[in-house]
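Dear colleague,

I am handing over the structure we spoke about, with the sequence alongside. Please look through it first; my notes on what was found in it follow below.

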Amino acid sequence: MEGQDEVSAREQHFHSQVRESTICFLLFAILYVVSYFIITRYKRKSDEQEDEDAIVNRISLFLSTFTLAVSAGAVLLLPFSIISNEILLAFPQNYYIQWLNGSLIHGLWNLASLFSNLCLFVLMPFAFFFLESEGFAGLKKGIRARILETLVMLILLALLILGIVWVASALIDNDAASMESLYDLWEFYLPYLYSCISLMGCLLLLLCTPVGLSRMFTVMGQLLVKPTILEDLDEQIYIITLEEEALQRRLSGLSSSVEYNITELEQELENVKILKKKLERRKKASAWERNLVYPAVMVLLLIETSISVLLVACNILCLLVDETAMPKGTRGPGIGNASLSAFGFVGAALEIILIFYLMVSSVVGFYSLRFFGNFIPKKDDTTMTKIIGNCVSILVLSSALPVMSRTLGITRFDLLGDFGRFNWLGNFYIVLSYNLLFAIVTTLCLVRKFTSAVREELFKALGLHKLHLSDTPRDSDTAKPSANGHQKAL
């Protein structure tokens, strides 16, 4: 009997492993296909040659697609775990959801951590160096020469990073135990390095998310149709049509030798056409879309942002009075044993919405920063180098999203796998400072956003608008230099 029970247990364990592996493969395959269509939508079509560079671009494309799929998996990791916990709590004995268990959730977290490390430290550097490589001088040109150069660059990069981590860890922890751990590559170096990368990702989210939360109102205002209050759209369309015709006549009258004026006029004509399309779209929009959708979306954004700030404020109070509020605190009851929200399924749904909202806001804020403004991909006109940079940036943000959500108290779901082993998550002062900075910076960004019109009027009333103290961009036509160096007055 004992032998039969042991064989039965082994069979069940084998079948569960096969089932979990199949589920993980199907989920990743779906994410990979979606990521492939997204990248090919932005990839420059001129990069599609039929030579050696085409093979290199194709390999870099596959690696970038893999990285973007891993990023999407990291974003979906926490929402999938939260909704799985609520489903298991609501239907504990349902036969059709037996595949959804704690082992599968832990496996997904471990795979996300493993693939994030693989993409960040191996695949993306390989794709970048492989794309930029030409082969060493004196060797026969070809794929093998480029692979050899890429591998050498990767080895040098690994030695450089390991040396930096070794020196930094030796300076921070100078005791005997830490010095012995310096020689342990797998158990010390890689977790410590990924912990540093995670901290950098969380700091990047701390910079991007508040900016994105305030920028979301502008972005949604550009996507949606605003209400037409005291506006005559027909008159504006008529004026912009006359301006478009005037520019076309000027273009047809200029000779091809004046290249600078032609380029400038073509850019101005393109801007006029874009503005005309926007006005025509506003005119064609229905009344409910103009007067109901836009205000509802703005109110919804304001509510979500306010709830996020309130949750962070409550988490700050919890950190001051309860040590279990730390991200690296005591473990919860486990998956499927208890609800992690006081409001049950509704609270879990709200947490998922806020997590996605923070991720979208962080991406919007990332591309809104001046330093990363050149990273914005363009449809059918993005080079592979820029695609690799975007994939690495999205991977860093998405890998730090679960950590940031737990650190800010957006959710109480415990970080599983290597995500919960970061050393800095147990530092009270770092976690408290992170929450305080997020609340303060987000509040300042929102106040700055909603008081910009009032500040403009105050500057005009006080006569300070001539000093250009406001944040609104100046009209380029009001101070356009002429050919002789003087200013043109409009």
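A nonpolar core, as the term is used here, is a set of buried Ala, Val, Leu, Ile, Met, Phe, Trp, Tyr and Cys residues that are joined through side-chain atoms within 4.5 Å. Please keep in mind that this is a predicted model.

By that definition, the largest nonpolar core holds 87 residues, and Trp109 and Leu301 are the ones with the most contacts inside it. At least two residues of this core come from each of several helices, including helix 1 (2–42), helix 6 (185–223) and helix 9 (287–321), while the largest share, 14 residues, is supplied by helix 3. Leaving aside residues up to four places away in sequence, Trp109 touches Leu77, Leu78, Ser81, Pro402, Phe413, Leu415, Leu416 and Phe419. There is also a second, separate core of seven residues, among them Ile237, Ile240, Leu247 and Leu265.

As for helix packing, helix 2 (residues 52–90) and helix 10 (residues 345–368) meet at an angle of about 175 degrees, with their axes 10 Å apart; because angles over 145 degrees count as roughly antiparallel, that is how these two helices run relative to each other. On the helix 2 side the contact includes Val75, Pro79 and Glu86, and on the helix 10 side it includes Phe345, Glu351 and Met359. The residues of this contact comprise 12 nonpolar, no polar and two charged.

For the chain overall, there are 13 helices and two strands, and 39% of the 490 residues count as buried. The chain exposes about 28,700 Å², of which carbon and sulfur atoms supply 65%.

Best regards

Methods. Residues numbered from 1 in each chain as written. Predicted model: local features only at pLDDT ≥ 70, side-chain atom pairs only at ≥ 80, totals over all residues. Heavy atoms only, no water. Axes fitted to C-alpha atoms, helices over the stretch in contact; angles between N-to-C directions. Helix = DSSP H or I, 4+ residues; strand = E, 2+ residues; numbered from the N terminus. Parallel < 35°, antiparallel > 145°, perpendicular 65-115°, else oblique. Contact = heavy atoms within 4.5 Å. Nonpolar A, V, L, I, M, F, W, Y, C, P; charged D, E, K, R; others polar. Buried < 20%, exposed > 50% of the residue type's maximum accessible area, 1.4 Å probe, protein only. Areas by Shrake-Rupley, 256 points an atom, 1.4 Å probe, with all protein chains shown as cover.
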